[in-house]
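Here are my comments on the model you sent. Please read them beside the coordinates.

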Amino acid sequence: MERTGKPTINDVARIAGVSKKTVSRVINRSPLLNGDTRAKVERVISELGYVPNVQARALALRRNFLIGLIHDNPNAQMVMNVQAGMLEAMRDTEFELIVRPIDRGSSTMLEDVRNFLERQRLYGVMFLPPVSENEMVAELCRELGIRYVRMGSATLDASEHMVASNDCDVVTEAVNHLISLGHRRIGLIAGPHGFRSARERRKGFENALEEAGIKLPRSLIADGNYTFETGLAAADRLLDLSPRPTAIFASNDEMAAATLHAARRRGMSVPEDLSIVGFDDTAIASHIWPPLTTVHWPIISMARSAALKLLADFFGDDGNAVEEPSLFPSTLIHRASVAPPREV
């Protein structure tokens with residue numbers, strides 16, 4: 001009997017002798033297939049003239065082919081890097097990325113997230129810090145049955161729902177490097193209150209000084225908000241001190257670059273008069289002069305892994321999801337903004 005009507009995914013699966021899941025993997029360029037299986041399914045698709053109906057498949061899934069990115073982060077470069085990593089993982093699939101900034105301080109924050117998730121019918125969602133640090137957003141996703149991943153500077157959730165870095169340990173390493181060069185009066189430009197990353201980085205800073213037996217006066221700590229402008233104000237406050245610090249650790253590269261600007265404005269030489277260390281290893285760190293010693297935060301790799309975790313159920317068979325790492329160690333990158341203090 002001659003087949004009538006448009007071919008379906010069931011037709012492709014039956015003729016190719018594979019499961020519908022395998023056909024979906026081929027359509028979405030999943031890396032989980034061997035070359036022979038992929039070639040066989042693609043040949044059947046071509047012979048049948050099968051064209052995937054995205055709307056029908058989304059209706060069957062009760063989800064759109066959308067991955068959400070929710071954030072309330074003042075660091076635009078960080079958000080851009082996250083998008084780059086997620087889009088890399090989603091390349092050659094039918095999934096699209098939809099970005100939604102929110103106000104974490106709003107009294108309606110949780111309801112805003114709920115409305116967004118329900119309205120867009122997302123397949124999965126990624127939360128950036130500090131929103132990711134709110135346990136209620138994870139509970140909301142579990143309630144709605146939406147796969148989620150939280151990014152953080154420390155362990156926040158089970159491995160399938162998390163990508164994290166080791167901020168505390170690597171900042172301790174960075175400050176130990178300054179101490180090893182002879183610095184004893186080291187200033188800190190801290191990150192914004194309410195950010196776990198700011199807390200972890202400050203903890204790492206304080207741990208290094210405590211281990212070295214160095215007392216940390218409160219005057220050597222200035223608060224910033226991960227922006228150039230707040231970093232500039234914080235650096236000015238530290239450099240107004242007498243005696244002023246011989247080194248400053250800034251909790252991200254934007255504030256470290258602002259510290260360099262503040263020092264140059266005073267006629268100071270970096271690193272001869274002031275050593276500077278940042279965090280993130282964004283483009284600005286290597287583009288300014290002198291280039292910044294900084295912590296490389298593998299944000300793109302973290303974001304790529306997060307997206308693959310979100311797609312794991314789609315690409316993988318039940319109980320055989322893609323194994324992606326959850327911990328991404330950061331590393332100290334040595335450049336020209338650090339030297340022994342003049343008096344040593």
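1. Basis. This is a predicted model, in which local features need pLDDT of at least 70, side-chain atom pairs count only at pLDDT 80 or more, and totals for chains, interfaces and linings use all residues. Residues are numbered from 1 along each chain as its sequence is written, and side-chain values use heavy atoms, with hydrogens and water left out.

2. H2 against H3. Helix H2 (residues 20–27) and helix H3 (residues 35–48) have axes that come within 10 Å and cross at roughly 90 degrees. H2 is therefore roughly perpendicular to H3. Helices here are DSSP runs (H or I, at least four residues), strands are E runs of at least two, and both are numbered from the N terminus. Axes are lines fitted to C-alpha atoms, for helices over the stretch in contact, and angles run from 0 to 180 degrees between N-to-C directions. Angles under 35 degrees count as roughly parallel, over 145 as roughly antiparallel, 65 to 115 as roughly perpendicular, and the rest as oblique.

3. Residues between H2 and H3. The contact (heavy atoms within 4.5 Å) involves Thr 22, Val 23, Arg 25, Val 26 and Ile 27 of H2, with Thr 37, Arg 38, Val 41, Glu 42 and Ile 45 on the H3 side. By class, the contact has five nonpolar, two polar and three charged residues. Ala, Val, Leu, Ile, Met, Phe, Trp, Tyr, Cys and Pro count as nonpolar, Asp, Glu, Lys and Arg as charged, and the others, Gly among them, as polar.

4. H1 against H3. Helix H1 (residues 9–16) packs on H3 at an angle of about 125 degrees, and their axes are 9 Å apart. H1 is thus oblique to H3. The crossing of H1 with H3 is right-handed (the near helix is turned clockwise from the far one by less than a right angle; left-handed if anticlockwise). From H1, Asp 11, Val 12, Ile 15 and Ala 16 meet Lys 40, Val 41, Val 44, Ile 45 and Leu 48 in H3. This contact of H1 with H3 divides into seven nonpolar, no polar and two charged residues.

5. H8 against H9. Helix H8 (residues 167–180) and helix H9 (residues 196–211) have axes 7 Å apart and pack at an angle of about 40 degrees. That angle makes H8 oblique to H9. H8 passes H9 in a right-handed crossing. Residues of H8 in the contact include Val 171, Val 175 and Ile 179, and those of H9 include Arg 201, Phe 205 and Leu 209. The contact of H8 with H9 has seven nonpolar, five polar and five charged residues.

6. Backbone. Most residues other than glycine have a negative phi, and most peptide bonds are trans. Arg 121, in the loop between helix H6 (109–120) and strand S3 (124–127), has a positive phi near 50 degrees. A cis peptide bond joins Ser 242 and Pro 243, with omega about 0 degrees; Pro 243 lies in the loop between helix H10 (228–239) and strand S8 (247–250). Another cis peptide bond joins Val 270 and Pro 271, with omega about 15 degrees, and Pro 271 is in the loop between helix H11 (253–265) and strand S9 (275–280).
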